[in-house]
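Hi everyone, thanks for coming. I'd like to walk you through a structure that may be new to you, so please take a look at it with me.

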Amino acid sequence: MRLFGAVAAVLVVVLCVGGWLLMYGTGDNTPANSKPTAAPQAPDDIRETVEKLPSTPEGELLVEYSEDKLPDDETRYAPGTWATDKIFAKGIRNRLMGFKLADGETAWTLKLDGHICATTKHVTADGRTAVVVQPAKRKGTKDESMCDEVVFVDLDTGKKLWTATMPDAKTAYVTNTNLTMARGTVAVAWGNGSVAYGMSDGKQLWKSTTVSACEDTGFAGGRSLLVLLRCGEESTHAYRVQKLDPATGKPQWTYKLKDGLTGVYMPSSDPPVLAVGAGDYGVTDLITLDDQGRYATTISMQGGRFDPMCGSSSDGTEYFGVMENCYAMVVGDGKIFVASKADGDIGQPENWIAGFDAKTGKTLRKFDGRSLQPLWPVKVSGGKLLAYRPSSDNVGPAAIVSIDPATGKQTPFLFFNLPDDATRMETPEWSDILVEHGTAFFSPRQLSAPSGHPDDPVLAAVAIGSFH
């Protein structure tokens with residue numbers, strides 16, 4: 001209350017002197033989009049939620065969790081951030097933790113057999129997800145760094161639903177293991193093989209572990225299941241993308257990418273969007289396909305002017321599964337939203353988000369951030385873009401805003417101030433930023449103590465909801 005009383009005071013002052021705050025609306029819980037509710041989903045479907053404007057944009061701190069006593073020289077990796085309407089779940093080293101949104105207390109802690117190797121952003125309609133872990137050295141094994149255990153978890157209860165040992169996964173490590181989920185299926189690829197399991201019982205559905213000219217590098221899940229194949233020798237890689245039947249693994253179509261690419265990511269399976277690198281600095285272009293795997297269009301990242309933050313980031317978390325991770329880019333409703341690099345010139349917008357049509361590549365509209373306040377895309381919800389705007393001492397509090405791609409109008413969703421030590425949570429380069437069921441979630445992907453202060457707690461998870 002102390003934190004958010006200050007937020008209310010800031011809002012009053014801003015309204016009086018500048019009038020920049022947009023009118024919020026009628027307060028009647030009007031949807032933040034043109035669709036009042038999400039389409040009904042089966043339990044094994046990958047969740048697609050539609051956000052509604054909270055009853056008030058004033059934010060309230062729901063969860064604040066810190067890790068204690070990190071040695072000066074320790075980097076504690078914290079991959080995986082998920083949320084349901086009741087629980088904020090977080091992966092930290094060799095455990096998963098769930099926090100109750102109702103009171104901020106720890107709801108459950110699930111100790112895993114070893115460190116987390118790979119996570120997926122996907123959650124089923126009934127609140128389940130999967131991780132791959134690195135079990136402690138087992139009898140008969142020589143390499144305890146091998147990542148070969150899949151764990152399927154209920155996020156509301158913290159219950160381990162099943163575990164499975166990946167076959168022939170002797171070369172599966174934290175550096176190359178990619179995990180995803182599509183309807184009814186959990187799929188893992190590690191370069192030299194892949195395997196898929198049924199969500200209901202953890203039984204193996206299909207696998208690909210035979211030696212061939214092409215390797216299964218990773219999957220993209222969600223509405224569809226795509227696999228990225230890397231073919232040929234190390235110096236002459238050629239890439240193929242296939243759409244698979246999640247239940248059988250059988251290809252439904254194949255798209256061949258041009259030679260000479262330095263990297264490929266798959267941030268969206270439906271529509272199929274490929275983020276490719278044709279140079280040294282990262283993603284140079286986005287390639288979109290139609291639902292039959294035919295080429296649709298290419299969207300240039302304009303020589304690095306746009307940065308979707310695919311794969312590795314400045315915090316070094318180029319592990320834990322990077323195939324679908326483009327932290328400054330979201331896809332939905334046939335549109336692609338990508339953030340530009342920050343300029344940092346005082347008095348000018350810190351950056352902007354550009355919207356593109358996935359079929360034509362046509363630029364739809366540009367949405368400017370503010371001076372000292374960049375704008376980061378978070379989620380497409382029923383035709384509207386939800387974006388995060390960090391706080392600034394000179395401008396105002398942090399905000400989640402709902403943006404209408406057709407008009408560019410920004411409607412306040414939540415206003416709030418993060419705790420003082422939440423600097424690493426302000427950018428998707430360092431932190432997972434989610435919006436789910438009207439609540440904003442922030443969680444850094446690695447934890448380390450301030451230099452010279454090993455006893456200071458390190459902020460690991462924050463949730464902000466509408467003030468009641």
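**A short tour**

Let's begin with T297, which is found in strand β22. When I say strand or helix, I mean DSSP runs numbered from the N terminus: helices are H or I with at least four residues, strands are E with at least two. Before going further, please keep in mind that this is a predicted model, where local features need pLDDT of at least 70, side-chain atom pairs count only at pLDDT 80 or more, and totals for chains, interfaces and linings use all residues. Residues are numbered from 1 along each chain as its sequence is written, and side-chain values use heavy atoms, with hydrogens and water left out.

Back to T297, then. Is T297 buried or exposed? With a relative accessibility of 9%, T297 counts as buried; the word buried stands for under 20% relative accessible area, exposed for over 50%, and partly exposed for what is in between, using a 1.4 Å probe and protein chains only. The T297 side chain reaches the backbone oxygen of T360 at 3.1 Å. That is a polar contact, meaning a pair of N or O atoms within 3.5 Å; within protein, one must be able to donate a hydrogen and the other to accept it, and residues adjacent in sequence count only if both atoms are side-chain atoms. Setting aside residues up to four places away in sequence, T297 touches L286, I287, T288, A358, K359, T360 and G361, where contact means heavy atoms within 4.5 Å.

Next, please find strand β9, residues 149-154. How many of the residues of β9 are buried? The count is 6 of the 6, so β9 is largely enclosed by the rest of the structure. In a regular strand, side chains alternate between the two faces of the sheet. In β9 both faces are covered, with E149, V151 and V153 buried on one side and V150, F152 and D154 buried on the other.

What about the partners of β9? Strand β8, residues 128-135, runs antiparallel to β9 and is joined to it by 6 bridges; for strands to pair, DSSP must find at least two bridges between them. Within that pairing, R128 stands opposite D154. Strand β10, residues 160-165, also pairs with β9 in the antiparallel sense, over 5 bridges, and here V150 stands opposite A164. β9 and β10 form a hairpin with 5 residues between them, and G158 in the turn has a positive phi of about 75°.

Now move along to strand β24, residues 335-339. Here 4 of the 5 residues are buried, so β24 too is largely enclosed by the rest of the structure. Strand β23, residues 329-332, is joined to β24 by 4 bridges, and the two run antiparallel. M329 has V338 in β24 as its bridge partner. The hairpin of β23 and β24 has 2 residues between the strands, and D333 takes a positive phi near 55° there. β24 also pairs with strand β25, residues 352-357, in the antiparallel sense over 5 bridges, with F337 standing opposite G355.

**Rings and charges**

On to the aromatics. How many aromatic pairs does a search of the whole structure find? There are 13. Rings of Phe, Tyr and Trp (its six-membered ring) pair if their centres lie within 6.5 Å, and planes under 30 degrees apart count as stacked, over 60 as edge-to-face and the rest as tilted. One of the pairs is F306 with W352, edge-to-face at 6.2 Å centre to centre and 85° between the planes. F306 lies in the loop between β22 and β23 while W352 is in β25, so this pair ties together parts that are 46 residues apart in sequence. F306 is buried at 5% relative accessibility, and W352 is buried at 11%.

To count, NZ of Lys or CZ of Arg must be within 6 Å of the ring centre and within 35 degrees of the ring normal. Likewise, the charged end of R445 sits over the ring of Y327, 3.7 Å from its centre. Elsewhere, ring pairs link Y65, F88, F99 and F441 into a cluster.

**One last stop**

Finally, T49 lies in the loop between α1 and β1. T49 is buried, with a relative accessible area of 18%. Its side chain makes polar contacts with the side chains of K379, at 2.8 Å, and E436, at 2.5 Å.
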